[in-house]
Amino acid sequence: MSNLLEINNVVKNYGEFTALNNVSLRVPKGSVFGLLGPNGAGKTSLIRIINQITLPDSGTILLDGKPLVPNDVEHIGYLPEERGLYKSMKVGEQALYLAQLKGLSKSEAKKRLKYWFDKFDIGAWWDKKIEELSKGMAQKVQFIVTVLHKPKLLIFDEPFSGFDPINAQLIAKEILQLRDEGATIIFSTHRMESVEEMCDYIALINKSNKIVDGKLDDIKRQYRSNTYQIGVKTNSSSEVENLLKQHFEVSNTDFRMLDEGLTLNVKIPKGNSPNELFSMLSKHGDVQHFLEIVPSASDIFIQAVNKNS
Amino acid sequence: MKKLKLIIRREFLAKVKNKSFLVMTFLSPLLMVGIGFLVFFLSKKNDEKIKKIVYVDESKLFTENDFKDTKTYDYVDYTALGIEESKKKVEEGGYYGVIHIPQIDSLEVLATSITFYSKESPNMSVIERLESTIESKFKNLKLTGFGIDLTKIEASKIAAEIKMYNFSGEKSSKLINWLKIGVGAIAGYMLMMFVMIYGTSVMRSVIEEKTSRIIEVIVSSVKPFQLMLGKIIGNASAGLLQFFIWGIIMLIVSFIASSFFGVNMTEMQTAKMSPEQLEAMNNAVAGDKAQMLVQEIFRLPLVTMFVLFIFYFLGGYFLYSSLFAAVGAAVDNETDTQQFMLPIMLPLILGVYIGFATVINDPHGPISTIFSMIPFTSPIVMLMRVPFGVPWYEIAISMALLLVTFVFMVWVAAKIYRVGILMYGKKPTYKDLWKWIKYKG
């Protein structure tokens, strides 16, 4: 799969402060790419550079294999974290204006807006002013104007803030739909759990540096600890626990089993099959719970940060 | 270019569709003309009141001829009553005041011993009038004392009028000088008003984009510089439209009002002049002189004036409004703008003061020349000087300086603007602004 976006050795300084320190990324075409990291890590700086709002001090950015040019804004849709609309402008007028700034003709913009307004069932808002809408309603309009010009690259910075769970789900569905239609999506967020399940690829950024990036599953495999959370229904918990301790590394776990028995985290040596553990457990009772602890993005993040420092 | 047009259009419409714009456009000229007429009527009514002044002339030097009644002054001779009785009468009401001329032989001593009593402190014009009556009477008395025939003095009066030419052969007169001052002052004042009103409106519009958080959405589609430029031009267009409508409304309203109230416009303009001045003016305007005036107006550097007006108007407006845009970008809300507004307003106001204080007296003096070169004051001061004819090289230097400064300041403002629009929270200091200017890319 070829890369839609290539970021090579980008450096950005604001005076004394380094916002991005030699960051390189590859965003494959048609993927959902998570740009994760805590507040102030440099995510927004990077996104602003991709959007040509600011220029990097050094480094290059290729979109579809070619260096960015001013007209590329027409191929990028950006929903910033700090977002809003003109309060006293009417919804329709405003959407048309923003669409035209992205290079759409007025008639084409009208046609597409009608499609989206029908889809979200918000046609009645056309002549309302933004200040008359609720925050969630305004966010929907904002989403529409972000994707209206069918950009190759969509960048969402904290996309779900301001949406209630139902609308957040609706938007998430639309985003995946856009991905299926060929768009490439970049998610930026500090709430890693919120988008993790949607991402194919992730990059973790901390203190201006990229610390981890790649295919999400690969990274997870790399950071897996081969630890299983187990729950066995048994009357002889301590005996089983002692038995396990002889073969594996065990630690306490924090889930609750409905029947009385033994709950533990068990780490098996690298290369061993979990079946060995399972069959051992099954001899001593009903195995009600057997789950690999897959590291979450934030677990990986914490580990990666610790490893780096 | 297409995007710039879109931005200009939006900014223009956003401004024009605003309710306060409509109110300002259609109400303020009515108010201004209305207030003008009100002031005129009140002052006229005030002047029409006849002032009754009592005089007690113990010196017996004055006659009824000296204290002649006029349209607004009635003089009453209470010499027979004596000063104490007269003062009582005045206190009882009905009289403006009483002037007491005591019996003293020496005119010099008498001249400083005359007193005026009134209930309230008297109008200065009344006192001046009385003083001039007394002065001319005493002068005549002294002249007669020297054995000079007063009729001869009267006959010897002669009016001179110097005709003025400059070396390029242009003729000028005092009247045309006043006209030049008027044209220059109006142009300079208009520029200042325009910059203040529409410069701050650019600033407000930038702040609005910041507070509504739409700015980042916009700058992901257009260059910040384009947005700033579009804003400045859009607001200026709305402003020009407003000025244009004001002009038309003022004309119509003045016309209606003057015909409705029966107020003669010339009367309104000349209301403040004394009868002598009026007469002189009437003479001047009448006949040949009127023709000369028209000719002289056409001899003014009209084309140059027009071209320079456009140049300095645009130059001044763009220079200042880009600074206003930068201030708007630097702050989060309007209350934070104060500390940055002062340095912008100062040269603007200075320009108008310098213009009114020096250009009128001495259009080619060193102060007016220097300030018509300094780019921040030059649009106003130079506009005021232009009608008097400014050497081409001075204009060239001034224009070049303005142009260079304009480009430089727009560059600086754009830098501050570009960084500032994406900064929230902390109120920036001048040091921060300096840092922003130095940021690359």
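This is a predicted model: local features need pLDDT of at least 70, side-chain atom pairs count only at pLDDT 80 or more; totals for chains, interfaces and linings use all residues.
**Figure 1**
Let's start with an overview of each chain. Chain A has 10 helices and 14 strands, while chain B has 18 helices and 6 strands. The C-alpha trace of chain A spans about 75 × 45 × 35 Å along its principal axes. Of the 309 residues in chain A, 39% are buried; of the 441 residues in chain B, the buried share is 29%. Contacts can also be sorted by how far apart the partners sit in sequence. Among contacts with a separation of 6 or more, residues 24 or more positions apart account for 72% in chain A and for 73% in chain B.

**Figure 1. Where chain A touches chain B.**
How many residues does each chain bring to the contact? Chain A supplies 23 residues and chain B supplies 18 residues. On the side of chain A that touches chain B, helix α2 (residues 91–101) of chain A gives the most, with 4 residues. Sorted by class, that side of chain A has 13 nonpolar, 5 polar and 5 charged residues.

**Figure 2. Helix α2 of chain A and its surroundings.**
Here we stay with the helix from the previous view. In α2(A), 8 of the 11 residues are buried, so the helix is largely enclosed by the rest of the structure. You can find the buried ones by name: A:V91, A:Q94, A:A95, A:Y97, A:L98, A:A99, A:Q100 and A:L101. What do these buried residues of α2(A) pack against? In chain A, their partners are α3 (106–119) and α4 (135–147), and in chain B they are α1 (2–16) and α8 (215–219). After the helix comes A:G103, with a positive phi near 95°.

Now turn to helix α3 (residues 83–92) of chain B, where B:S86, B:K87 and B:V90 are buried. These residues cover an arc of only 100° around the axis, which puts them on the same side of α3(B). Which residues lie on the face turned away from the buried side of α3(B)? That face carries the exposed residues B:E84, B:E85, B:K88, B:E91 and B:E92. Following the helix is B:G93, whose phi is positive, near 115°.

**Figure 3. An open sheet in chain B.**
In this view, 4 strands of chain B form an open sheet with mixed pairing, in the order β2-β1-β3-β4. The edges are taken by β2 (73–77) and β4 of chain B; each has a single partner strand, so one side of each is left without a neighbour in the sheet. On average, neighbouring strands of this sheet are turned by 25° against each other, direction ignored. Look next at β3(B) and β4(B), which pair in the antiparallel sense over 3 bridges. Within this pair, B:V98 stands opposite B:Y117 in β4(B).

**Figure 4. A hairpin in chain A.**
Strand β1 (residues 3–14) and strand β2 (residues 17–28) of chain A pair in the antiparallel sense over 8 bridges. The hairpin has 2 residues between the strands, and A:G15 takes a positive phi near 60°.

**Figure 5. Inside the largest nonpolar core.**
Which residues touch the most other members of this core? Of its 133 residues, A:I155 and B:A325 do. Helix α13 (residues 302–330) of chain B gives the most to this core, with 13 residues. Leaving out residues up to four places away in sequence, A:I155 touches A:I47, A:I50, A:I76, A:G77, A:Y78, A:L79 and A:I186.

**Figure 6. A loop residue, A:M198.**
Where does A:M198 sit? Its place is in the loop between α6 (193–196) and β9 (201–206) of chain A. Since A:M198 has 16 C-beta neighbours inside 10 Å, this residue counts as partly exposed. Apart from neighbours within four places in sequence, A:M198 is in contact with A:V32, A:A172, A:L176 and A:F187. The C-alpha atoms of A:M198 and A:K173 are separated by 10.0 Å, with the two residues 25 residues apart along the chain.

Key:
Residues are numbered from 1 along each chain as its sequence is written. Chains are lettered from A and ligands numbered from 1 in the order in which they are written. Two residues are in contact if their C-beta atoms, placed from the backbone, lie within 7 Å. Ala, Val, Leu, Ile, Met, Phe, Trp, Tyr, Cys and Pro count as nonpolar, Asp, Glu, Lys and Arg as charged, and the others, Gly among them, as polar. A residue is buried if 20 or more other C-beta atoms lie within 10 Å of its own, exposed if 12 or fewer, and partly exposed in between; C-beta atoms are placed from the backbone. The arc is that of the directions from the helix axis to the C-beta atoms. A nonpolar core is a set of buried Ala, Val, Leu, Ile, Met, Phe, Trp, Tyr and Cys residues joined through C-beta atoms within 7 Å. Two strands pair if DSSP finds at least two bridges between them. Axes are lines fitted to C-alpha atoms, for helices over the stretch in contact, and angles run from 0 to 180 degrees between N-to-C directions.
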